[in-house]
Amino acid sequence: MAKITTSRLLKMKQQGEKIATITAYDASFAKLFDQAGIHAILIGDSLGMVLQGHDDTLPVTIDDMAYHTACVKKGVEETLIISDMPFMAYASTEQAYANATKLMQAGASMVKMEGGSWLLPTIKGLVERGVPVCAHLGLTPQSVHLFGGFKVQGREQSQAQKMIEDAKALEQAGAQLLVLECIPSELGKAISEAISIPTIGIGAGKDTDGQILVMHDALGISCSYMPKFSRNFLVDTGDIKKAVELYISEVQNGNFPGDEHCFN
């Protein structure tokens, strides 16, 4: 497999090929995922929950993210590496520039930020300075207290329309990838059709251009609970590498997510 780039992911969308993405936080799992043929790895601020044991992602620092990004980088040869900008790491444009620099220098190929239209000047500035950006709409975990918990977003027509408009604006500002989390399947489809950059869904239906899972959920080892949108691929295979290969093939064949993993 040739090295995965943002232009390769764009070409996959244009050709109707599904993109398989997973989180990783260390060199060993990153190497296994890379060799299995995963298209992109996200060093997620989900590490606050699955590694550090917090109730949410808010305690994660930029130094935590840079450390785990550097670890993942050591295990990857071909996979695209995306790194989360953690809570309040991009509250101002200047903060975003400084913290994106840390993640890119640690080994990221792209940084991910949660939010809609308020992020447009920051994204534009980062892209102008050579930092590729993945945007994130829907259930944005860093805003969990604002939402009153981990709840499906975009069920109301006005909210759905705003999300479509935000997605278009984020693309216009220069975002090259868009994560959609915990939204109705039909909204995931509508956004994916409304923009030309690839969409990566997690609980956003089967019509997004790709899927992402937290590795602990995909391997059935999360210490809290299994989200509705996840599937334990390890239970089907009994082998971690085979589980990841099954996940990739199920995404690419359109078998995952199934209806039972989606929101109406």
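# Notebook: pockets, cavities and helix packing

I looked up the second largest pocket, which holds about 420 Å³ of space. I worked on a predicted model, in which local features need pLDDT of at least 70 and side-chain atom pairs count only at pLDDT 80 or more, while totals for chains, interfaces and linings use all residues. Residues are numbered from 1 along each chain as its sequence is written, and side-chain values use heavy atoms, with hydrogens and water left out.

**Terms for spaces.** I noted that the search uses a 1 Å grid over the protein atoms alone; a pocket is an open set of points with protein on both sides within 12 Å along at least five of seven lines, a cavity is a set of points where a 1.4 Å probe fits but cannot get out, and lining residues have an atom within 4 Å of a point. Grid points are joined across faces, edges and corners, and a volume is the space filled by probe spheres set on the points.

**Second largest pocket.** I found 22 lining residues, of which Gly115, Gly116, Trp118, Thr140 and Ser143 lie nearest the centre. Strand E5 (133-138), helix H7 (144-147) and helix H8 (157-173) are the elements that give two or more residues to this lining; helices (H or I, at least four residues) and strands (E, at least two) are DSSP runs, numbered from the N terminus. H8 gives the most, with 4 residues. By class, I recorded 9 nonpolar, 10 polar and 3 charged residues in the lining of the second largest pocket. Here Ala, Val, Leu, Ile, Met, Phe, Trp, Tyr, Cys and Pro count as nonpolar, Asp, Glu, Lys and Arg as charged, and the others, Gly among them, as polar.

**Largest pocket.** I then turned to the largest pocket, with a volume of about 680 Å³. It is lined by 35 residues, and Met49, Glu181, Val214, Asp217 and Phe229 are the closest to its centre. At least two lining residues each come from helix H3 (47-50), strand E4 (110-114), E6 and E8. The lining of the largest pocket divides into 18 nonpolar, 9 polar and 8 charged residues.

The largest cavity has a volume of about 50 Å³. Its lining consists of Thr21, Ala40, Leu42, Ile82, Lys112, Cys134, Leu177, Val179, Ile200 and Ile212. Strand E2 (40-43) and strand E6 (177-181) are the elements that give two or more residues to it. By class, this lining has 8 nonpolar, 1 polar and 1 charged residues.

For the second largest cavity I noted a volume of about 50 Å³. Among the residues that line it are Gly201, Ile212, Phe229, Phe256, Pro257 and His261. Strand E7 (199-202) and strand E8 (210-213) give two or more residues to this lining, and E8 has the largest share, 3 residues.

**Backbone.** I looked again at Pro257, which a cis peptide bond joins to Phe256, with omega about 5°. Pro257 is placed in the segment after helix H12 (240-252). I also noted Met88, which has a positive phi of about 65° although it is not a glycine. Met88 lies in the loop between strand E3 (80-84) and helix H5 (93-106). Cys182, another residue other than glycine, has a positive phi near 50°, and Cys182 lies in the loop between E6 and helix H9 (185-194).

**Helix pairs.** How do H6 and H8 pack, and at what angle? Helix H6 (residues 120-128) and H8 pack at about 25°, with their axes 8 Å apart; axes are lines fitted to C-alpha atoms, for helices over the stretch in contact, and angles run from 0 to 180 degrees between N-to-C directions. That makes H6 roughly parallel to H8, since angles under 35 degrees count as roughly parallel, over 145 as roughly antiparallel, 65 to 115 as roughly perpendicular and the rest as oblique. In contact (heavy atoms within 4.5 Å), Leu120, Ile123 and Lys124 in H6 meet Ala169, Leu170 and Ala173 in H8. The contact of H6 with H8 has 5 nonpolar, no polar and 1 charged residues.

I ended with helix H2 (residues 27-36) and helix H4 (residues 62-75), which pack at about 45° with their axes 7 Å apart. That makes H2 oblique to H4.
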